[in-house]
Amino acid sequence: MGGKAPGTRISRAAVIGSGVMGAGIAAHLANAGISVLLLDIPPAKLTEQEERAGKTLQDPAVRNRLAAASIARITTQQPAALYDAAFASRITAGNLEDDLAKLTDVEWIVEAVVERLDIKQNVFARIEPWLGAETLVSTNTSGLSASAMAEGRGEKFRKHFAVTHFFNPPRHMKLVELVAGPDTEPVVMARLSAICERQLGKGVVIAKDTPNFIANRIGTYGMMTTFAAMKQFGLNVDEVDALTGPAMGRPKTATFRMLDLVGLDTLLHVVDNVRERSEDSEDQQAFVRPPELEALVARGWIGEKAGSGFYRKI
Ligand code: NAD
């Protein structure tokens, strides 16, 4: 790239959505020396504890509660040895209403909110007015259409927008899938690729804007086949994990433990996405919501983030 091109190393980023992936991506960026503004929605109601303490929904600590709780989790629950001493001081909590103006100052915004096109489109519309001339914007979607996400946005947004799909957990998983939107400039792809590879230590694969891209397309298909085989052979959760884990030379997180880590609500969105977007009739048959999964989600047992999923966290 020419000498005048914006840098391929950055020092200020924002991550929007402080859930499983947003928190993990923020931690990974902070550990690479990047200052991170972590934003989430302000909560719609007080917790019992906040009510007892006489807080209101206007209190800054309440408004930033979701992002702040994620920062507390990543700084207290992760082994300190994985992070440098100044790691925690590089992440700041904020919310998507009060702190949008702070986005003018960052070089890269990574969106990691819930896997729903309407919600992501709404987030992009809200951040668009605050983008600097060269701000990179990427989404961590598992497989929604980059074109659909860019729809309705102006030229600056569309030129600087792409998919950077990190895998869970972001610190440990090497792969990032990079997918161009309809108008992403080549220099933007080059910058995102360089940041992910050189600054974040990832291996970047360029994928096309197809449902679930590459790795998830294969992974979720395997998951759907496992659900079907489980029913066909009358297996239970432990048996499937035993058979698909170390017995096959794979980690013990191979199937249901891994789904608990991913989040069962997120998996349902991903399954719906492929079924709704793919024109292939085989996909439409394979990507049907497994009733066992729907039942768990209906009870709020959506995986590790809720304390229960296929397994209960003790
Ligand atoms: P999550 O459920 O843990 O977190 C979602 C976040 O979105 C929460 O912080 C929530 O407060 C926020 N949110 C909810 N409604 C919102 C709204 N209306 N506006 C703005 N924010 C809102 O989900 P996650 O697992 O972190 O997934 C985030 C993204 O990363 C999704 O696109 C998902 O497909 C993708 N992804 C997930 C995994 C995984 O293993 N979980 C892996 C790769 C990619």
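Modeller: One definition to start: a residue is near a molecule if its C-beta atom, placed from the backbone, lies within 6 Å of it. Keep in mind that this is a predicted model.

Biologist: Which residues come nearest to the ligand?

Modeller: The shell around the ligand holds 25 residues. By class, twelve are nonpolar, ten polar and three charged. Those that come nearest are G19, M21, E115, S142 and N168.

Biologist: Which element gives the most to the shell around the ligand?

Modeller: Two elements give two or more residues to the shell: α1 and α5 (117-127). With three residues, the one that gives the most is α1.

Biologist: How far apart are the end C-alpha atoms over residues 13-210?

Modeller: An unreviewed UniProt entry places the feature "domain: 3-hydroxyacyl-CoA dehydrogenase NAD binding" at residues 13-210. Over that stretch the chain is 35% helix and 20% strand. Its end C-alpha atoms are apart by 27 Å.

Biologist: What span should helix α4 have, and what are its end C-alpha atoms apart?

Modeller: Helix α4 covers residues 65-77, which is 13 residues. At 1.5 Å a residue, α4 should span 18 Å. The model agrees, with the end C-alpha atoms of α4 apart by 17 Å.

Biologist: What covers the buried residues of α4?

Modeller: A residue is buried if 20 or more other C-beta atoms lie within 10 Å of its own. In α4 the buried residues are R65, L66, A67, A68, S70, I71 and I74. Their cover includes α1 (20-31), β2 (35-40), α3 (60-63) and β3 (91-95).

Biologist: Is Q285 buried or exposed?

Modeller: Q285 is found in helix α13 (residues 281-286). R275 is ten residues from Q285 in sequence, and 8.0 Å from it C-alpha to C-alpha. Q285 has 11 C-beta neighbours inside 10 Å, so Q285 counts as exposed.

Note on methods. Residues numbered from 1 in each chain as written. Predicted model: local features only at pLDDT ≥ 70, side-chain atom pairs only at ≥ 80, totals over all residues. UniProt positions renumbered as here; feature names shortened; annotations may be inferred. Helix = DSSP H or I, 4+ residues; strand = E, 2+ residues; numbered from the N terminus. Expected span 1.5 Å × (residues − 1). Buried ≥ 20, exposed ≤ 12 C-beta atoms within 10 Å, placed from the backbone. Contact = placed C-beta atoms within 7 Å. Nonpolar A, V, L, I, M, F, W, Y, C, P; charged D, E, K, R; others polar.
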